[in-house]
Amino acid sequence: MIMAATSPPVAELILKVASRCDLACDYCYMYELGDGTWQKQPRFMTQHVADVTASKIGQHSAEHGLPSFRIIFHGGEPLLAGAERIRGITEAFRSELPAQTKLLVSMQTNGRRLNEKMLAALPESIRIGVSFDGAAQATARHRLTPSGASSYQDTLRALAVLREHPKNYGGVLAVIDLLNDPLTTYYALREQVPRTCDFLFPLATRDGEHSDGAYGRWLAEVFDGWHLDKDPRAPVIRLFQVIIQRLRGVDIRCGFIGPPPRERSMVIQPDGSAELLDALRVVGDGAAATGLSILTSTVDEIIQHPGYTQPDPCLACKKCPVFGVCGGGYYPNRFSVDNGYDNPSAYCADLAFLISHIREKLEELGVL
Amino acid sequence: MAATDTNTPLARVLAMDNDTTLLAGVYLFNSVNDGYDAADAEG
């Protein structure tokens, strides 16, 4: 392993508290992309694994003087792990973090098991993001139960609960399907009154078909209906937020567009294995693995694994006029068997179109 | 100018703090810099 002298600190853990899911979405990167590592995992993270992880994160936070640390409950479907387990894990982190480090708690769920009783049993200030594709037809196309039924009504019930508890309502995430009308999809998300939402490109590498810009045009239609929307329910859309800010020269960082974040994010599996980005499963079986475990290594040892450093964008990207905004895009989308990550994104045409479109609109408004 | 209407999402984005980091990657939703985290830390 290449040992870096110093690595940026880890400021966030994605805790895989459950390795199974109660939905069978056809685009899922965990189960549908050929990576079978989840089958080797225990169904749930134990309190012992959580205690060891929390202890090591406490030490790491103290050594690096972190002002805050975020844990994100994820899976599989994290609510399968149950509220009691999630509270126990949260308590372990709260007791291990130094006094100067704020604990931030989030979860990404499909919402099927989220009701008032469940929410009341979860950590009090948990921020919950819900995966939701918008209209009924869109959800019925991809987000299905194992028996093939649409999860739409279940998700709507969860969103209704969260609307009553805005402090706990993180937002909604929708995967783009070009078969759906862009504005219909935006309005369907807006109807759920999330403060924030986002639209995701389906996972792809350069080895598949390259998009010709259709996703960028789809998103540009959403942008046009969104940016001056006076409906009080209109959410912030994360992708647009990042593009707007970067076009204005604000150094906003995230993991999917623009230069990489300054801090690191680490995935911990139920058995304590440390992993890289989940989305790397699209690259191949075991691509997210590090071979390291939080049970036997320190956080600083794990983070020196070279996979935690994003690969450099290709030369063509660096010469591109929108590089300062897109930074080469989400790096799993740059992968090809022949060149590794030395490619433009599979969504290069889309990002270029969307960024140029937003720039034109902001110039028209005098914002740029 | 329409963009300065504080009721629009664009105006809200323009009013957000600078130099933010959004971690967790695109397939998870955690923080948009909306002020809630600072107020509601300590899960």
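**View 1. A:Asp181 sits in a loop of chain A.** This loop runs between strand E5 (169-175) and helix H6 (182-190); helices (H or I, at least four residues) and strands (E, at least two) are DSSP runs, numbered from the N terminus. The model is predicted, so local features need pLDDT of at least 70 and side-chain atom pairs count only at pLDDT 80 or more, while totals for chains, interfaces and linings use all residues. Residues are numbered from 1 along each chain as its sequence is written, chains are lettered from A and ligands numbered from 1 in the order in which they are written, and side-chain values use heavy atoms, with hydrogens and water left out. With a relative accessible area of 39%, A:Asp181 is partly exposed (buried means under 20%, exposed over 50%, partly exposed in between; 1.4 Å probe, protein chains only).

**View 2. A patch of negative charge lies on the surface.** A:Asp181 gathers here with A:Glu221, A:Asp224, A:Glu360, A:Glu363 and A:Glu364. Helix H7 (214-226) and helix H12 (348-364) each supply at least two of the residues; the largest share, 3 residues, comes from H12(A).

**View 3. A:Cys254 is a buried cysteine.** Its relative accessibility is 0%. A disulfide is a pair of cysteine sulfur atoms within 2.5 Å, and the count over all chains is 0.

**View 4. A:Cys320 is in no disulfide.** The nearest cysteine sulfur, that of A:Cys348, is 6.1 Å away. A:Cys320 counts as partly exposed, at 28% relative accessibility.

Conventions:
Patch = residues over 30% accessible without salt bridge, like charges linked within 9 Å, V, L, I, M, F, W, Y side chains within 5 Å. Areas by Shrake-Rupley, 256 points an atom, 1.4 Å probe, with all protein chains shown as cover. Salt bridge = Lys/Arg side-chain N within 4 Å of Asp/Glu carboxyl O. Lys, Arg positive; Asp, Glu negative; His and termini not counted. Charge placed at Lys NZ, Arg CZ, Asp CG, Glu CD.
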